[in-house]
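Good morning, and thank you for coming. I would like to take you through one structure, beginning with a term that we shall need throughout.

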Amino acid sequence: FCYNDFDFANVAEKAICLCNGIIVATNSLGTLYFSFSRQMKQPELTISLLGGVTIAQNGTAVTGFASRKADALLIYLACNPRPHPRETVATLLWPDNDQSRALANLSVILSSLRKQLEKYLLADRHTVAFNTDTDYRLDVNAFEQAITQAQARQQDGKLSRTVAAQLQTAVSLYKGDFLAGFNLRGVPDFE
């Protein structure tokens with residue numbers, strides 16, 4: 001087996017397959033080659049929460065939400081991917097308001113989010129959730145996945161190439177503390 005950035009231009013390939021950024025090819029002698037593509041497809045929505053908050057769609061920053069609480073709602077739903085009762089979310093974001101006022105505020109925020117990110121939200125009369133069936137990337141999830149995979153594959157305290165690559169991925173994703181610089185006044189439970 002040969003792998004790592006093989007130059008396919010110099011090989012008469014019989015078959016090439018690109019899957020998840022890995023190119024697999026065989027030459028005329030049947031030798032199998034692997035190459036890791038440097039141009040991985042970027043997800044449509046990228047939510048970066050390590051070292052600050054950045055939300056981008058197709059490489060462009062998403063801005064213009066009704067308030068900072070719209071960012072907070074999207075972050076909360078993306079980090080907790082399950083349906084949440086509207087009442088619970090409304091109380092989380094507006095703890096000092098009565099339930100009807102908090103629910104009205106939540107409706108305004110959801111409307112603001114839907115204008116730009118409708119397909120990423122699942123909402124009905126009773127619940128609200130992040131749509132995990134969409135093309136998105138949450139840096140926190142990718143970071144945790146890389147660490148978990150590295151821990152699962154490490155054997156006898158030795159650092160294999162695979163484990164080293166997974167740890168490198170985690171290091172490259174870590175830009176700073178979770179939600180660094182992002183806070184909401186009057187919302188202690190969000191912190």
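A residue is called buried under 20% relative accessible area, exposed over 50%, and partly exposed in between, using a 1.4 Å probe and protein chains only. The structure is a predicted model: local features need pLDDT of at least 70, side-chain atom pairs count only at pLDDT 80 or more, and totals for chains, interfaces and linings use all residues. Residues are numbered from 1 along each chain as its sequence is written, and side-chain values use heavy atoms, with hydrogens and water left out.

Let me start with the chain as a whole. Of its 191 residues, 35% are buried. The chain holds five helices and 10 strands; these are DSSP runs, H or I of at least four residues for helices and E of at least two for strands, numbered from the N terminus. Contact means heavy atoms within 4.5 Å. Among contacts with a separation of 6 or more, 56% join residues 24 or more positions apart.

I turn to helix α3. With 19 residues, α3 reaches 26 Å from its first C-alpha to its last, close to the 27 Å expected at 1.5 Å a residue; the expected span is 1.5 Å times one less than the number of residues. Which residues of α3 are buried? They are A102, N105, L106, I109, L110, S112, L113 and L117. These residues cover an arc of only 160 degrees around the axis, so they are on the same side of α3; the arc is that of the directions from the helix axis to the C-beta atoms. On the other side of α3, S100, V108 and K115 are exposed. The buried residues of α3 pack against β4, β5 (54-57), α1, α2, β8 and β9.

Not counting residues up to four places away in sequence, F130 touches L45, I47, L74, L77, A78, Y120, L122 and Y136. Aromatic pairs are rings of Phe, Tyr and Trp (its six-membered ring) with centres within 6.5 Å; planes under 30 degrees apart count as stacked, over 60 as edge-to-face and the rest as tilted. By this rule there are three aromatic pairs. Y120 and F130 are stacked, at 6.3 Å centre to centre and 20 degrees between the planes. Because Y120 lies in the loop between α3 and β8 (121-123) and F130 in strand β9, the pair ties together parts that are 10 residues apart in sequence. F130 and Y136 form an edge-to-face pair, 4.8 Å centre to centre with 70 degrees between the planes. Y120, F130 and Y136 make up one aromatic cluster.

Finally, where is N131 found? N131 is in the loop between β9 and β10, and is buried, with a relative accessible area of 14%. Leaving aside neighbours within four places in sequence, N131 is in contact with K119, Y120, L121, L122 and Y136.
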